[in-house]
Amino acid sequence: MRALDQEVVDVVWQAVEPLLPPPGETHPLGCHRPRVPDRLCFRGILIRLVTGASWVDIEAILDHQVSDTTLRARRDEWIDAGVFEQVHTEALGAFDRIIGLDLDDVAVDGSLHKAPYGGEGSGPNPTDRAKLGWKWSVAAERHGIPIGWAIDGANRNDVALLEPTLDAVDQTGLLAETGVLHLDRSYDSGAVRDRLHAAGLDQFEIQRRGTRVPGVKRQPLRLGRRWIVEATNTWWSNYGQLRRNTDRRARHRHAALCLATTVLIVGRLIDWRNRWNST
């Protein structure tokens, strides 16, 4: 998994380290154990993102150098400080400066995944015998880089998540630069078109309902430009923590998506550098 490549880890850590909040005051009597290094906790968080293993298992993988309680506490401390959102914003800006975000075509789609422990933003998955699950709705530009997303329970309709997804894109300042928005047939309704016009998106391509040929059971899948977001969903789904999520709070899932996106962008930037520096 690219997230554990040493080069990728080093680059992401260089971006994360300056954003970390200063450690709290030490115990006045000096009887506390030495603070576990942030770099070690960061590695544990990355391993959990990739494998989806429990915090107890991560503690064992790291040879009990850090407890599962400390890992969870450090993650929450960094979420409160906005570390994951800030590093994601920096990575997105770096990609735009170096390679350039291609917003001529932007695709939006949702993806369903397991959430066996339930909690905030989970619900019965209609495609998995009503087992608990969660859903993300993501907008991706032409390179497949996520530029905004929304998360909720697996029972939420894609249409209901479209507006918060576009709001997330708008918060990055990229909605106004969006060219053509591509959506699948589940968004084919007059209400969706009205929402898109209200958001200032007058150019969009929505696959029409009822376009199947009668009597033909198997037909070629016409993705059009929607292959962009399908690739993004596949990249995210490769991470164990996202594919089978055991977090109970929406902010933990959001932080994991921020970190996964940062890793994706850093990997792409390293590939771009290697491509143009090779002789």
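Start by selecting cysteine 41, which sits in helix H2. Keep in mind throughout that this is a predicted model.

**Stop 1: cysteine 41**

Is cysteine 41 buried or exposed? Its relative accessible area is 0%, under the 20% cut-off, so cysteine 41 counts as buried. Now show its surroundings. Leaving out residues up to four places away in sequence, cysteine 41 touches Val36, Val66, Thr70, Leu71, Arg74 and Trp78. Next, draw a distance from cysteine 41 to leucine 62. The two are 21 residues apart in sequence, and their C-alpha atoms are 9.5 Å apart in space.

**Stop 2**

Move along to aspartate 63, in the loop between helix H3 (55-61) and H4. Check its backbone. Phi of aspartate 63 is near 55 degrees, a positive value in a residue that is not glycine. Aspartate 63 has 59% relative accessibility, over the 50% cut-off, so it counts as exposed.

Select histidine 64. This residue, too, is found in the loop between H3 and H4. What is the phi of histidine 64? It is positive, about 60 degrees, although histidine 64 is not a glycine. Histidine 64 is exposed, with a relative accessible area of 56%.

**Stop 3: salt bridges**

Side chains of opposite charge can pair when their charged atoms come close. The count here comes to 17 salt bridges.

Pick aspartate 10 and arginine 39. Their side chains meet in a salt bridge, 2.8 Å from N to O. Where do the two partners lie? Aspartate 10 is in helix H1 (residues 6-16) and arginine 39 is in helix H2 (residues 38-51). The pair links distant parts of the chain, with its members 29 residues apart. Aspartate 10 is partly exposed at a relative accessible area of 29%. Arginine 39 also counts as partly exposed, at 32% relative accessibility.

Go on to glutamate 77 and arginine 35. They form a salt bridge whose closest N and O atoms are 3.4 Å apart. Glutamate 77 is in helix H4 (residues 68-80), while arginine 35 is in the loop between H1 and H2. This pair also links distant parts of the chain, 42 residues apart. Glutamate 77 has a relative accessible area of 27% and is partly exposed. Arginine 35, at 38% relative accessibility, counts as partly exposed.

Then select aspartate 152 and arginine 156. Their side chains meet in a salt bridge at 3.2 Å, N to O. Aspartate 152 is partly exposed, with a relative accessible area of 25%. Arginine 156 counts as partly exposed at 36% relative accessibility.

Which residues form a salt-bridge network? Select Arg48, Arg75, Asp76, Asp80, Asp247 and Arg251 together; salt bridges that share partners join them into one network.

**Stop 4: isoleucine 145**

Jump to isoleucine 145, in the loop between strand S3 (132-140) and strand S4 (146-153). With a relative accessible area of 0%, under the 20% cut-off, isoleucine 145 is buried. What is isoleucine 145 in contact with? Leaving aside neighbours within four places in sequence, isoleucine 145 is in contact with Leu92, Phe95, Leu101, Ala139, Ala140, Leu264, Ile265 and Arg268. Isoleucine 145 and proline 23 are 122 residues apart in sequence, and 33 Å apart from C-alpha to C-alpha.

**Stop 5: the whole chain**

Zoom out and switch to cartoon. How many helices and strands does the protein chain have? There are ten helices and six strands. The radius of gyration is 20 Å, close to the 19 Å that the globule rule gives for 279 residues, so the chain is as compact as a globular protein of that length. Along its principal axes, the C-alpha trace spans about 75 × 50 × 35 Å.

Of the 279 residues, 47% count as buried.

Colour by charge. The chain has 36 positive and 37 negative side chains, and the centres of the two sets lie 8 Å apart.

Finish with contacts. Among those between residues at least 6 apart in sequence, 68% join residues at least 24 apart.

Notes: Residues are numbered from 1 along each chain as its sequence is written. This is a predicted model: local features need pLDDT of at least 70, side-chain atom pairs count only at pLDDT 80 or more; totals for chains, interfaces and linings use all residues. Side-chain values use heavy atoms; hydrogens and water are left out. Helices (H or I, at least four residues) and strands (E, at least two) are DSSP runs, numbered from the N terminus. The radius of gyration is taken over C-alpha atoms; the globule rule is 2.2 Å times the number of residues to the power 0.38. Buried means under 20% relative accessible area, exposed over 50%, partly exposed in between (1.4 Å probe, protein chains only). Contact means heavy atoms within 4.5 Å. Lys and Arg count as positive and Asp and Glu as negative; His and the chain ends are not counted. The place of a charge is taken as NZ of Lys, CZ of Arg, CG of Asp or CD of Glu. A salt bridge is a side-chain nitrogen of Lys or Arg within 4 Å of a carboxyl oxygen of Asp or Glu.
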